[in-house]
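Please open the model in your viewer and keep the selection tool ready. Each stop below names what to select next and then says what is there.

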Amino acid sequence: MEVGTGKVHRIAGPVVQATGLKSHMYDLVLVGEEGLMSEIIGIAGDKHIIQVYEDTAGVKPGEPVKETGAPLVAQLGPGILTSIYDGIQRSLPQLVEASGNFISRGLFVDGIDHKKKWEFTPVVKKGDKVEPGQTIGTVQEQLLIKHKIMMPPDKRGTIKEIKSGNFTVEETICVLEDGTELPMIQYWPVRRARPSRIKQAPTIPLRTGQRVIDGFFSLAKGGTAAIPGGFGTGKTVMQQTLSKWSDVDIVVYVGCGERGNEMADLLHEFPELVDPRTDRPLMERSIVYANTSNMPVAAREASIYTGITTAEYYRDMGYDVMMTADSTSRWAEAMRELSSRLEEMPGEEGYPAYLGARLADFYERSGRVTTLEGTEGSISIVGAVSPPGGDFTEPVTQNTLRITKVFWALDSKLTQRRHFPSINWLDSYSLYDLALEPWFSENVSPDWNKNKRRAMEILQENAELEEIVMLVGSDALPEDQQLTLEVARMIINFWLAQSAFHPVDTFCPYKKQFDLLEAILAFRDQAFGALARGVPTDVILGTPSKDALAKVRLLEDYEPELKKVLAQMESEFKTMS
Amino acid sequence: MTKEYKTINEIKGPLLFVEKTEPVGYNELVEIRTEKGEMKRGQVLDTSNEIVVVQVFEGTGGLGKESSVKFTGDVIKMPLSPDIVGRVLSGSGQPKDGGPPIVPDVEREIAGAAINPAAREKPRAFIQTGISTIDGTNTLVRGQKLPIFSGAGLPHNDVALQIARQAKALGEAESFAVVFCAMGITNEEAQNFMADFERTGALERAVIFLNLADDPAVERLLTPRLGLTTAEYLAFDLDMHVLVIYTDMTNYCEAMRQMGAAREEVPGRRGYPGYMYTDLAIQYERAGIITGKKGSITQFPILTMPGDDITHPIPDLSGYITEGQLIISRELHRKGIYPPIDIRPSLSRLMNSGIGAGHTREDHRAVSDQLYAYYAEGCDLRGLVAIVGKEALSERDRLVLEFADAFEQKFVNQGRDEDRSIFDTLDIGWNLLQALPETMLTRIDDHLIKKYHPRYRKKE
């Protein structure tokens with residue numbers, strides 16, 4: 001397409017109208033003398049409606065609008081990992097170099113370094129037929145992450161020439177018979193999903209090391225989860241903990257409309273964090289998008305798409321990727337704000353009528369797939385929603401729940417009691433439950449699913465009993481119910497509660513999760529046995545081993561101590577009368 | 001060369017619609033002269049070849065079709081110099097203390113560019129406010145924005161003043177300034193603030209912006225921007241630690257709603273504009289610390305929740321941006337407890353980075369969690385006691401209930417001039433926990449109990 005220039009007609013906040021353009025929908029244009037990055041979001045008569053990713057103060061009618069002839073694309077190639085971007089894939093540290101501590105306007109920086117040389121090792125040779133998405137060579141991007149250089153998803157052919165050695169991402173490393181020259185870098189329009197061959201069923205759990213999640217409400221690899229929660233429910237800490245501990249290869253963190261200080265915290269913390277599996281900095285396998293709440297709203301809208309596009313790129317290499325979007329409500333609000341500036345007819349609560357469709361489009365880009373090349377990769381999405389006033393009936397939460405399969409209901413009452421993670425065990429659910437059961441009984445313990453159901457039943461009963469206790473007090477309950485209350489309290493305090501700040505407790509392997517729950521259930525069985533023998537409840541509840549059990553989870557090498565406690569428990573119950 | 005136009009087509013509320021102009025920039029500063037020669041200032045909200053919409057800060061009273069409009073070709077700027085400290089200015093930045101106009105060293109755009117997240121330093125320096133419910137359980141750190149959510153008739157102003165008076169970093173003397181922005185508060189409230197600033201000598205290191213209840217509402221939209229631009233200058237040019245107090249954010253948001261209605265925008269929740277979140281974020285996010293700079297900006301916005309409703313859009317959206325909140329409780333206030341901060345819904349999100357060994361004391365987190373847990377449980381039990389009476393409680397529950405009462409009297413309650421050190425605060429906490437058997441202290445590691453529990457400490 002011919003690249004032309006138009007003129008600004010009207011400016012109202014981040015929305016600009018221009019005349020004399022030929023660009024298509026979602027094409028990138030540069031607005032004004034300063035060349036502010038913008039996107040075409042509507043065409044009306046002879047006017048193009050443009051959303052500007054930067055502040056428009058000072059832009060006048062009549063200033064030029066330059067076309068680029070292409071939509072907003074992400075730059076994909078070696079060098080993405082460890083990067084910190086804003087919503088339109090501009091490197092924030094490079095922006096600091098370019099414009100100082102405050103972000104000024106009209107700056108363009110590449111998503112990846114175009115000057116750095118990478119050592120390219122080919123895996124195909126002259127004369128080979130190559131298919132879309134096929135690996136033609138590799139680059140050691142980080143010590144432990146091999147970056148596959150793949151054929152673009154829309155290219156096939158026969159290799160005429162393939163190079164080996166050190167190249168920048170722009171230099172040609174491969175020539176096809178038809179004359180196509182391929183560099184390492186690929187450009188992909190962020191609003192379009194990258195293709196894969198088959199989407200697979202979610203049958204493998206994503207290990208997070210969080211007892212309440214792995215044990216009760218597990219997420220499958222390639223699954224989607226929503227964390228709703230009013231403010232102050234520990235949502236952000238939760239998401240950061242997940243990024244740290246989940247067993248995925250790549251973490252994409254999109255801070256969408258969140259706090260600057262929190263992002264600063266994340267940006268300082270990530271490089272210091274050591275990956276528990278590899279002893280390498282976690283940052284080496286992370287990509288962070290930080291578009292804080294005070295940065296331009298249109299870039300916030302784009303950040304989710306830019307994030308998922310980079311996630312898809314690494315999935316295509318056969319990696320397991322986790323994307324956390326914090327928060328999709330802020331994203332929806334950006335849509336609402338832009339929609340209202342466009343004077344579109346509002347839907348529910350002022351959100352645009354296409355809110356549900358956009359959310360679905362985004363979450364559908366998750367999944368465990370067979371890539372074009374035939375390897376297996378996955379993207380799991382954890383999206384935070386921040387319902388206003390903690391009201392789950394609002395449109396963003398409702399539309400999200402219709403799509404996501406796991407719901408971790410963060411509860412501010414639990415936060416107030418300093419119970420973390422503050423996931424409410426009665427309201428949360430995971431629709432992957434049944435699909436994952438075979439994996440757990442095969443790989444952790446045949447009793448895993450049974451124990452889980454037993455614990456859930458106890459907690460259910462506990463909730464009913466607590467209502468009665470609220471009315472009559474616990475002393476008025478029959479003895480067996482008092483015991484149930486105590487066992488539920490143990491499950492809640494010794495097992496569900498987990499400190500993200502305790503060096504050991506922050507991560508709990510499957511085996512330990514199982515052993516701890518098994519120990520609590522063992523206590524329950526022996527306690528009810530004793531009760532049947534006629535032992536009074538206050539004697540049962542006074543067993544010292546019960547309190548000893550509370551501290552086992554804080555030990556790294558917990559097994560000897562647990563064995564000791566269990567033995568002690570058994571002897572205490574035996575001698576009880 | 002800037003021209004004057006007499007082409008006002010329409011005046012509606014605070015808005016002017018001007019026709020047939022040369023190209024005018026978005027957000028440009030506008031000077032308007034009434035027929036009588038009175039000067040007003042405004043800002044461009046919408047510009048196109050056909051019509052330019054201007055919002056007038058001082059109100060459109062006195063304007064007519066014959067008034068002339070001048071577009072300055074520049075956005076609004078705040079004149080700044082070190083002499084600004086100690087001054088009292090109006091809500092739109094004009095001297096209000098009878099002093100001379102500010103001779104600027106620099107002029108800064110008041111819109112304020114976003115701090116690059118990669119240039120931000122993680123806030124971690126503990127600020128001691130001398131108030132136990134803040135220091136002990138909702139610790140403030142430098143660079144944080146921690147709003148006070150209050151209701152009509154509660155002593156939030158006293159709390160804010162006490163913080164302004166007592167706030168200090170442990171063991172350092174550094175240059176320190178207060179920027180105070182009043183938005184739509186009554187003359188009486190303003191006088192109280194001023195009297196306290198004078199009594200304590202704080203005025204000498206303060207910059208005060210006063211937009212009172214009878215000043216134009218549109219001017220309120222400028223006030224925090226002027227205040228924060230000043231704060232950024234003091235913090236990042238003059239290396240000062242700046243505490244920004246603004247009251248009352250509710251009035252600011254009302255002004256925003258008023259403007260939105262005048263512009264016939266599609267309203268969002270309860271009639272507030274859809275961009276309120278972004279607008280509030282732009283103000284609140286101007287708190288923080290920048291890598292390599294000595295100064296910092298800490299914000300204390302005060303907002304009164306209409307009808308004590310925390311789900312109202314103003315506190316709700318604020319809560320999503322700020323790093324926690326302090327909630328002033330009507331119930332505690334009625335009990336005669338000062339400061340009536342209810343710690344249960346209160347939260348400081350940056351607490352963890354500012355406490356513990358090296359900042360305050362190693363037992364801080366554990367003690368705070370334990371206090372929280374039993375105070376929350378005790379408050380829940382009060383509901384039960386109301387139904388079944390104290391006698392029906394178990395021994396454990398009775399202890400927890402008594403703990404909650406003692407907690408309010410000894411820990412929460414303190415004098416308006418009482419400046420407790422963090423160590424005093426923690427020790428008060430320990431003394432309260434002493435009333436509970438040691439096995440109940442499940443949130444505290446054994447070695448901390450051995451080291452700090454009064455029972456063991458007496459033996460030393």
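Begin by selecting Asp369(B), which counts as buried because its relative accessibility is 15%, where buried means under 20% relative accessible area, exposed means over 50% and partly exposed lies in between, computed with a 1.4 Å probe on protein chains only. Helices (H or I, at least four residues) and strands (E, at least two) are DSSP runs, numbered from the N terminus.

A word on the conventions: this is a predicted model, in which local features need pLDDT of at least 70 and side-chain atom pairs count only at pLDDT 80 or more, while totals for chains, interfaces and linings use all residues. Residues are numbered from 1 along each chain as its sequence is written, chains are lettered from A and ligands numbered from 1 in the order in which they are written, and side-chain values use heavy atoms, with hydrogens and water left out.

Over all chains, a search of the whole structure finds 73 salt bridges. For another one, select Lys452(A) and Asp433(A), whose closest N and O atoms are 2.8 Å apart. This pair links distant parts of the chain, since Lys452(A) sits in helix 11 (residues 448–472) of chain A and Asp433(A) in helix 10 (residues 433–443) of chain A, 19 residues apart. Lys452(A) counts as buried at 9% relative accessibility, whereas Asp433(A), at 26%, counts as partly exposed.

Now select Asp505(A) and Arg553(A), which form a salt bridge of 3.2 Å, N to O. Asp505(A) lies in the loop between helix 12 and helix 13 of chain A, and Arg553(A), 48 residues apart from it, in the loop between helix 15 (544–550) and helix 16 (559–575) of chain A. Both Asp505(A) and Arg553(A) are buried.

Stay in the loop between helix 12 (479–496) and helix 13 (510–532) of chain A and select His502(A). Is His502(A) buried or exposed? His502(A) is buried, at a relative accessible area of 17%. If neighbours within four places in sequence are left aside, His502(A) is in contact with Leu554(A) and Asp445(B), contact meaning heavy atoms within 4.5 Å.

From here, turn to where the chains meet. The contact takes 80 residues from chain B and 69 residues from chain A. Chain B and chain A bury about 6,200 Å² between them, 53% of it on carbon and sulfur atoms; buried area is the accessible area (1.4 Å probe) that two parts lose on being put together, summed over both. Next, colour helix 10 of chain B, which gives the most to the side of chain B that touches chain A, with 9 residues.

Then select strand 1 (residues 5–12) of chain A together with strand 5 of chain B, which pair in the antiparallel sense over 2 bridges; two strands pair if DSSP finds at least two bridges between them. Within this pairing, Arg10(A) stands opposite Ser48(B) in strand 5 of chain B.

The last stop is strand 20 (residues 296–304) of chain B, where 9 of its 9 residues are buried. Strand 18 (residues 241–247) of chain B runs parallel to strand 20 of chain B, joined by 7 bridges, and Val244(B) has Gln299(B) as its bridge partner in strand 20 of chain B. Strand 14 (residues 148–150) of chain B also runs parallel to strand 20 of chain B, joined by 3 bridges. Finally, select Leu140(B) in strand 13 (residues 140–141) of chain B, which counts as buried at 0% relative accessibility. Residues that Leu140(B) touches, not counting those up to four places away in sequence, include Thr298(B) and Phe300(B).

Technical notes:
A salt bridge is a side-chain nitrogen of Lys or Arg within 4 Å of a carboxyl oxygen of Asp or Glu.
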